Amino acid sequence: MYRTMMNGKIHRARVTEANLNYVGSITIDQDIIDAVGILPNEKVAIVNNNNGARLETYVIAGERGSGVVCLNGAAARLVQPEDIIIIISYVMVAEERLSEHQPKVAIMNENNQIIELISHEPQATVM
């Protein structure tokens, strides 16, 4: 049996741009996706803390160190620049390997810089 587990999470990223005229996807600073183990073209779930919208798309690597988090194409209708979002990747893990699985969670600041990298969900419900 396999379980679908969170593998990488970018917690409280700030949307820097919404580009309706792009083909589709989310562009994320390459340094950020490297830190949480998300790959270009990987499927991600996105949760908008400002309006509750949830969507799935794929990742495009953005310029390193830019802090870019840009929703492209139709997804741009579900966000506004400055919205706070959570970006989550998932992986299938065999039941017998669940105890070994360590997700990577990047806690972001208002400038899309990683302030903490953890391997578990925090106990506190408010960060």
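**Strand pairing and nonpolar cores in the predicted model**

Lys9 has Ile88 in E7 as its bridge partner. The strands E1 and E7 run antiparallel and are joined by 10 bridges; strands (E, at least two residues) and helices (H or I, at least four) are DSSP runs numbered from the N terminus, and two strands pair if DSSP finds at least two bridges between them. The model is predicted, so local features need pLDDT of at least 70 and side-chain atom pairs count only at pLDDT 80 or more, while totals for chains, interfaces and linings use all residues. Residues are numbered from 1 along each chain as its sequence is written, and side-chain values use heavy atoms, with hydrogens and water left out.

Nine strands form an open sheet of mixed pairing, in the order E2-E6-E3-E5-E4-E7-E1-E8-E9. Strand E2 (17-19) and E9 stand at the edges with a single partner strand each, so one side of each has no neighbour in the sheet. From one strand to the next, the twist averages 30° (axes are lines fitted to C-alpha atoms, for helices over the stretch in contact, and angles run from 0 to 180 degrees between N-to-C directions).

Strand E3 pairs with E6 in the antiparallel sense over four bridges, and Ser25 stands opposite Asn72 in E6. E3 also pairs with E5, in the parallel sense and over four bridges; here the bridge partner of Ile28 is Ala61 in E5. Five of the five residues of E3 are buried, so the strand is largely enclosed by the rest of the structure. Buried means under 20% relative accessible area, exposed over 50%, and partly exposed in between (1.4 Å probe, protein chains only). In a regular strand the side chains alternate between the two faces of the sheet. On one side of E3, Ser25, Thr27 and Asp29 are buried, and on the other Ile26 and Ile28 are buried.

A nonpolar core is a set of buried Ala, Val, Leu, Ile, Met, Phe, Trp, Tyr and Cys residues joined through side-chain atoms within 4.5 Å. The largest has 21 residues, and those touching the most other members are Ile10, Ile26, Ile28, Ile46, Leu71, Ile85 and Ile87. Its largest share, three residues, comes from H1. Leaving aside residues up to four places away in sequence, Ile28 touches residues including Ile10, Ile33, Val59 and Ile87 (contact means heavy atoms within 4.5 Å). A second, separate core of seven residues includes Val47, Ile86, Val105 and Ile118.

Val105 has Ile118 in E9 as its bridge partner. Strands E8 (residues 104-108) and E9 (residues 114-118) run antiparallel, joined by four bridges. Their hairpin has five residues between the strands, and Asn112 takes a positive phi near 60°.
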